[in-house]
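Please open the structure in your viewer and keep the sequence at hand.

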Amino acid sequence: MLKIINRYIFESKNDWAEIRKDLFTASRINEIMANAKRLMTPDELIQWVKDNPKSKAKYTEDENCISDGAITYILEIIQRLEGAPKPEYHSFAMDWGNETEPLAAIKYCEMNGFDIESDDVIYTSIGGTVFFTGDDLLGATPDLILPNKVAQIKCPESSTHLRYKLFLNEDNFRDEEPKYYDQVQLEMMLCEKDECDFFSYDPRFKREVMQTHTIQIKKDADRQNQIYRKAKLCKEKMNEFINQLPK
């Protein structure tokens, strides 16, 4: 597991972008988590045929193999190190989320008995960007850091918020939203918290009861260990690629 966790506060977005440029960050960590397949060894194939006589499979998933999605993410990081990053993409939904998030943070605190201006509540986008790193490998910025938990705030399109309201709960969150599940697990790991509230907010619904939806996610030590192991594998692969570049 992690040996060194650091917390930074950046006044400049450029400084924030600089320190995170070669890290695997929470919002995209799920991209490295899929296992790739490899050819079975002769002994594995013999056992597989015994257990599955009708199967003609010759490949097996291996957590030590890196997926195509992970390779794509690694290459994007190398591109940032060697040249210009991809241009930032903007959409109405993204602009809405950025503009509405401060209201959502205030609403969440009001609903849960927190004072957003108190010393034990950190809204990471106010007064500079708060950024956590682990072992110069992983990075994350949770939206809210509270005394005993973190909170991840989403201000999605109304159709997405309605889907969350109707169908998303603690029991199915990992299966239905694996990207966000891994995101909040990494945030909990770097902030050393045991719980995260996933809070969706959409004030465009007429009835107040429809405007919010909260899901509590507990620390998953096994998944956090998987994230750490996969990130180390990807870092090794990234260094391997970098060493192949012209000196």
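Which residues in α7 meet R223, Q224 and I227 in α8? They are Y181, D182, Q185, L186, M188 and M189. The model is predicted: local features need pLDDT of at least 70, side-chain atom pairs count only at pLDDT 80 or more, and totals for chains, interfaces and linings use all residues. Residues are numbered from 1 along each chain as its sequence is written, and side-chain values use heavy atoms, with hydrogens and water left out.

**The whole protein**

Begin with the entire protein, which has eight helices and eleven strands; helices (H or I, at least four residues) and strands (E, at least two) are DSSP runs, numbered from the N terminus. Its C-alpha atoms fill a box of roughly 60 × 50 × 35 Å along the principal axes. Of the 247 residues, 41% are buried, where buried means under 20% relative accessible area, exposed over 50% and partly exposed in between (1.4 Å probe, protein chains only).

**Helices α7 and α8**

Next, select residues 178-191, helix α7, together with residues 221-244, helix α8. They pack at an angle of about 90°, with their axes 10 Å apart. The two helices are therefore roughly perpendicular to each other, a class that covers angles from 65 to 115 degrees. The axes are lines fitted to C-alpha atoms, for helices over the stretch in contact, and angles run from 0 to 180 degrees between N-to-C directions.

**Y181**

Within helix α7, select Y181. Y181 is buried, with a relative accessible area of 9%. Leaving aside neighbours within four places in sequence, Y181 is in contact with F173, R174, I217, D220 and R223; contact means heavy atoms within 4.5 Å.

**V150**

Move to strand β9, residues 150-154, and select V150. Is V150 buried or exposed? V150 counts as buried, at 0% relative accessibility. Not counting residues up to four places away in sequence, V150 touches several residues, including M188 and C191. Y123 is 27 residues from V150 in sequence, and the two are 10 Å apart in space, C-alpha to C-alpha.

**F167**

Finally, select F167 in helix α5, residues 158-167. F167 is exposed, with a relative accessible area of 54%.

Key: Angles under 35 degrees count as roughly parallel, over 145 as roughly antiparallel, 65 to 115 as roughly perpendicular and the rest as oblique.
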